[in-house]
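Dear colleague,

Please find below the structure that I am handing over to you.

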Amino acid sequence: MFARLRSDIQCILDRDPAARSTWEVITCYPGLHAIWLHRPAHWCWHHGLKWLGRFISHFARWFTGIEIHPGAKIGERVFFDHAMGVVVGETAEIGDGCTIYQGVTLGGTSLYKGAKRHPTLGKDVVVSAGAKVLGGFEVGDGAKIGSNAVVIKPVPAGATAVGIPARIIPSKEGQSADVTEPQQARKFTAYGITQEDDPLSQAMRGLIDSASSQEHQIALLWQAIEKLSSNSQNKDCVPCDAALKEQFEAGKLNELVGK
């Protein structure tokens, strides 16, 4: 039991640069208090003491601002960072090493009692501020949910989900959201999202690069035609408005879109 308590504290010290000491974490982190109160509530829920489990959960909600149903399953080294307004439903499961920020909802879309209504998060998942993960599906190990995303379908392991409704960005080999990985392999990103994960920016950059490449090829063709015409008697085959030099400013457009 004490080893698990130490693990709860250490995972916060590892992931939050604002955490200065063990004493500060124990006394000033509501996410830690919510985890510790959830464990007796969960025990009561599964040992026939349903009302007592709900009452402990209700007290934890009042005390921490984090609502976790006593039936939810939470793994080890889970960190609720800030976490005001987090709601975790009855059949939700949170895997080891997950990080969940404020305003997150792990909710259900089904009204059938006894059914799997809430999501299952794999290991080392990062769910960013304001995200809503709704339904009884799985979010794979090492996946990331972007801020304010609304996820209504499964997310593969290592992938990133952003937008409303969420769009899935496939994982890059060897990368995940796990803070415990070596820094050179993948640095932990707070709130689980970086600029290169935006699919709209990726699409725009792809279009910009394609247009720039096409202009380059057209300029090469006109230059070739100019050389051929200089060796022939017909000097009029190159129009006066032919683009012999590239003018497409791909760099400036990429700066506007964001790198």
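R117 counts as buried at 15% relative accessibility, where buried means under 20% relative accessible area, exposed over 50%, and partly exposed in between (1.4 Å probe, protein chains only). The model is a predicted one, in which local features need pLDDT of at least 70 and side-chain atom pairs count only at pLDDT 80 or more, while totals for chains, interfaces and linings use all residues. Residues are numbered from 1 along each chain as its sequence is written, and side-chain values use heavy atoms, with hydrogens and water left out.

Salt bridges

R117 forms a salt bridge with E90, with 3.1 Å between the closest N and O atoms; the term stands for a side-chain nitrogen of Lys or Arg within 4 Å of a carboxyl oxygen of Asp or Glu. This pair links distant parts of the chain, 27 residues apart: R117 is in the loop between β7 (105-107) and β8 (120-121), and E90 is in the loop between β4 (87-88) and β5 (93-94). Helices (H or I, at least four residues) and strands (E, at least two) are DSSP runs, numbered from the N terminus. E90 itself is partly exposed, at 26% relative accessibility.

By the same rule the count comes to five salt bridges. One of them joins the side chains of R39 and D8, at 2.7 Å from N to O. Because R39 lies in helix α3 and D8 in helix α1 (residues 2-15), this pair ties together parts that are 31 residues apart in sequence. D8 is buried, with a relative accessible area of 3%, whereas R39 is partly exposed at 22%.

A further salt bridge is formed by the side chains of E67 and R61, at 2.9 Å from N to O. E67 is partly exposed at 29%, and R61 is also partly exposed, at 42%.

Pocket and cavities

The largest pocket has a volume of about 170 Å³. On a 1 Å grid over the protein atoms alone, a pocket is an open set of points with protein on both sides within 12 Å along at least five of seven lines, a cavity is a set of points where a 1.4 Å probe fits but cannot get out, and lining residues have an atom within 4 Å of a point. Grid points are joined across faces, edges and corners, and a volume is the space filled by probe spheres set on the points.

Among the residues that line the largest pocket are R61, E67 and E90. At least two lining residues come from each of α4, β1 (67-68) and β4, and α4 gives the most, with four. By class, this lining divides into four nonpolar, four polar and four charged residues; here Ala, Val, Leu, Ile, Met, Phe, Trp, Tyr, Cys and Pro count as nonpolar, Asp, Glu, Lys and Arg as charged, and the others, Gly among them, as polar.

There are four cavities of 30 Å³ or more.

Overall

The protein has six helices and 15 strands. Of its 259 residues, 42% are buried.

Yours sincerely
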